[in-house]
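Me: I would like to go through this structure and ask what stands behind each label. Please set the values against the definitions.

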Amino acid sequence: MASSLYGNADDLPALEALFLEMAQKGILPDIHGFSLLLRAYARRGEVELLLQFWERMVRQRVRPSGFVFAVVIRALAAARRTEAVQHKIRELSFYAVTPDMWIVSSLLNFWMQIGRASGRGRG
């Protein structure tokens with residue numbers, strides 16, 4: 001059962017229940033588990049919950065991957081949280097994450113949104 005839930009980022013209530021059950025049993029999720037939950041929160045626009053679980057992830061010393069950074073940056077950009085995006089960009093070096101295609105794509109989308117919002121972009 002856990003493997004089928006762990007593989008579906010669209011079933012947020014099931015993922016939250018799984019994380020709660022894991023915590024009750026003293027099982028720490030890995031980067032893949034956090035990635036699924038963060039993606040689910042991002043898809044729903046639940047930026048505050050996304051940030052709470054990001055903090056939980058780093059407190060548990062789970063090193064964020066480039067893909068997870070990209071998910072978080074994209075969600076923050078969609079929510080127009082410019083300062084939070086800039087903070088995540090600075091965190092890349094702290095976690096020694098080299099920007100990959102996921103991060104670059106997320107940053108390009110963010111900068112395009114900023115340009116459109118300020119009237120400098122096309123669109």
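Me: How much accessible surface does the chain have, and what share belongs to carbon and sulfur atoms?

Reply: The accessible surface of the chain is about 7,400 Å², with 55% belonging to carbon and sulfur atoms. Accessible areas are from the Shrake-Rupley method with a 1.4 Å probe, and for residues only the protein chains shown count as cover. This is a predicted model, in which local features need pLDDT of at least 70, side-chain atom pairs count only at pLDDT 80 or more, and totals for chains, interfaces and linings use all residues. Residues are numbered from 1 along each chain as its sequence is written, and side-chain values use heavy atoms, leaving out hydrogens and water.

Me: How do you know that the span of helix α4 agrees with its number of residues?

Reply: The expected span is 1.5 Å times one less than the number of residues. Helix α4 (residues 47–59) has 13 residues and should therefore span 18 Å; its end C-alpha atoms are 18 Å apart, which agrees. Just after α4, Arg-61 takes a positive phi of about 60 degrees.

Me: Which residues of α4 are buried, and what do they pack against?

Reply: Buried means under 20% relative accessible area, exposed means over 50%, and partly exposed is in between (1.4 Å probe, protein chains only). In α4 the buried residues are Val-47, Leu-50, Leu-51, Phe-53, Trp-54, Arg-56, Met-57 and Val-58. They pack against α2 (12–24), α3 (31–44), α5 (66–78) and α6 (82–94). Trp-54 has contacts (heavy atoms within 4.5 Å) that include Leu-38, Val-68, Lys-88 and Glu-91.

Me: What makes a set of residues a nonpolar core?

Reply: A nonpolar core is a set of buried Ala, Val, Leu, Ile, Met, Phe, Trp, Tyr and Cys residues joined through side-chain atoms within 4.5 Å. The largest one here has 34 residues, of which Trp-54, Met-57 and Ile-103 touch the most other members. At least two residues of this core come from each of α2, α3, α4, α5, α6 and α7. The largest share, eight residues, is from α5.

Me: Which parts of the chain does the salt bridge of Arg-81 and Glu-48 link?

Reply: The side chains of Arg-81 and Glu-48 meet at 2.7 Å, N to O. Arg-81 is in the loop between α5 and α6, and Glu-48 in helix α4, 33 residues apart. Arg-81 is at 29% relative accessibility, so it counts as partly exposed. Glu-48 is at 47%, so it counts as partly exposed.

Me: Why is Trp-111 called partly exposed?

Reply: Its relative accessible area is 48%, so Trp-111 is partly exposed. Trp-111 is in helix α7 (residues 101–118).

Key: Helices (H or I, at least four residues) and strands (E, at least two) are DSSP runs, numbered from the N terminus. A salt bridge is a side-chain nitrogen of Lys or Arg within 4 Å of a carboxyl oxygen of Asp or Glu. Lists of a residue's contacts leave out its neighbours within four places in sequence.
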